Amino acid sequence: MTESFRRSGDHQNPYQGAQQHASSPVNPEWPPPPAYQPTHQAAAGEAPTTLLTEPVAQPPRSRRRPRGPVALLAAVAIVAAAIGGGTAYGIQELTGNDTAATSSSTSANVVPSSQKGTVSGVAKAVSPSIVEINAQSNAGSSTGSGVIITGDGEIITNNHVVSGASQVKVTTSDGKSYTADVVGTDSSKDLALIKLQNASGLTAATLGNSDGVQVGDEVVAIGSPEGLTGTVTSGIVSALNRDVTVSTDEGQQQGGGGNGQWPFEFGGQQFNGDTGSSTTTYKALQTDASLNPGNSGGALIDMNGNIIGINSAMYSAAGSGSSDAGSVGLGFAIPINTVKADLAKLRSGSQN
């Protein structure tokens, strides 16, 4: 379509000399007008007639030139209208923009595709973002877990894990130990933000969307129950929006329940000891994934590797015998959307 109208091998122009003497510019794509009027006696096959009639046959070829781009644009428009949201997805993939992907618990795939939907895949992908926390206070010591949310060491955990602590030590999944500062606490939601000193290059977890969680969804819990760092358990989300009541009293938090568990109240009954006189209630996700002392502050994770909750309370059967201790499949987690809504307050250094 882009070739010239005057092709190699065409006849010679008998008016070439006249063209050279023309004073006005000419279009090289077209032959110049003759210097004199051709005689009517010229035969049809002679050069003058051929030069005058050849352009007449060429315009259709010229008109076909833009049809390719026009047809392509029309086809793109039709396809874009047909696939709708798929176009945005394609643009996102081309530009590398993953903002939309990280806003939902089901859209961000942290787990490699070859291991998607497996507990082992979730554990391998998320374990580097889970830490063990050891806090020392006047009331004693406590062990819990936490979730790394920034590469320089911001960690979300439960308020009851670090409340009143004079010293906080954190151990990452690769065995490195750090000293941490308590940045902000919110006892009304049992949340706290701590920051590691001199940390960088850590693996931050992907925070999902707990509003998209449904009863029956498979989940994985990672934490340090009884100081067993990096313990992985699995189960399902067994209920939503459970009203869990926990203590906000610092001494009660550090002292713990009758068997070392974090005391909480549900449905008017108290579990794992006395919650004390100062309490707060929040909406929680319920899970049957095994949780034990030390899981507090750890992660509840969907099968794509997104954090959907921070484990906060677990029921253990009351009794004096060791056979009664341990998880019975009643655990509770603070929805991650509650955490995200509280994050700015925690980062501001609020202590309450």
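Visitor: How many helices and strands does the secondary structure of the protein come to?
Guide: The secondary structure comprises 9 helices and 15 strands. Please note that this is a predicted model.

Visitor: And what share of the residues is buried?
Guide: Of the 352 residues in the protein, 39% are buried.

Visitor: Which residues touch the most other members of the largest nonpolar core?
Guide: They are Ile-156 and Ile-307, in a core of 31 residues. Helix H9 gives the most to this core, namely 4 residues. Apart from this core lies another of 16 residues, including Ile-133, Ala-135, Tyr-178 and Leu-202.

Visitor: What does Ile-156 touch?
Guide: Leaving aside residues up to four places away in sequence, Ile-156 touches Val-339, Leu-343 and Leu-346, among others. Its contacts also include Gly-146, Val-147, Ala-192 and Ile-310.

Visitor: Turning to H9, which of its residues are buried?
Guide: The buried residues of H9 are Ile-336, Asn-337, Val-339, Asp-342, Leu-343 and Leu-346. Their cover includes strands S3 (154-157), S5 (177-186), S6 (191-196), S7 (206-207), S14 (306-316) and S15 (327-335).

Visitor: What span should H9 have, and how far apart are its end C-alpha atoms?
Guide: H9 has 12 residues (336-347), so at 1.5 Å a residue it should span 16 Å; its end C-alpha atoms are 16 Å apart, in agreement.

Visitor: What follows H9?
Guide: Gly-349 follows H9, with a positive phi near 95 degrees.

Visitor: Lastly, how much accessible surface does the protein have?
Guide: The accessible surface is about 17800 Å², and 51% of that belongs to carbon and sulfur atoms.

Key. Residues numbered from 1 in each chain as written. Predicted model: local features only at pLDDT ≥ 70, side-chain atom pairs only at ≥ 80, totals over all residues. Heavy atoms only, no water. Helix = DSSP H or I, 4+ residues; strand = E, 2+ residues; numbered from the N terminus. Expected span 1.5 Å × (residues − 1). Buried < 20%, exposed > 50% of the residue type's maximum accessible area, 1.4 Å probe, protein only. Contact = heavy atoms within 4.5 Å. Core = buried A, V, L, I, M, F, W, Y, C linked by side-chain atoms within 4.5 Å. Areas by Shrake-Rupley, 256 points an atom, 1.4 Å probe, with all protein chains shown as cover.
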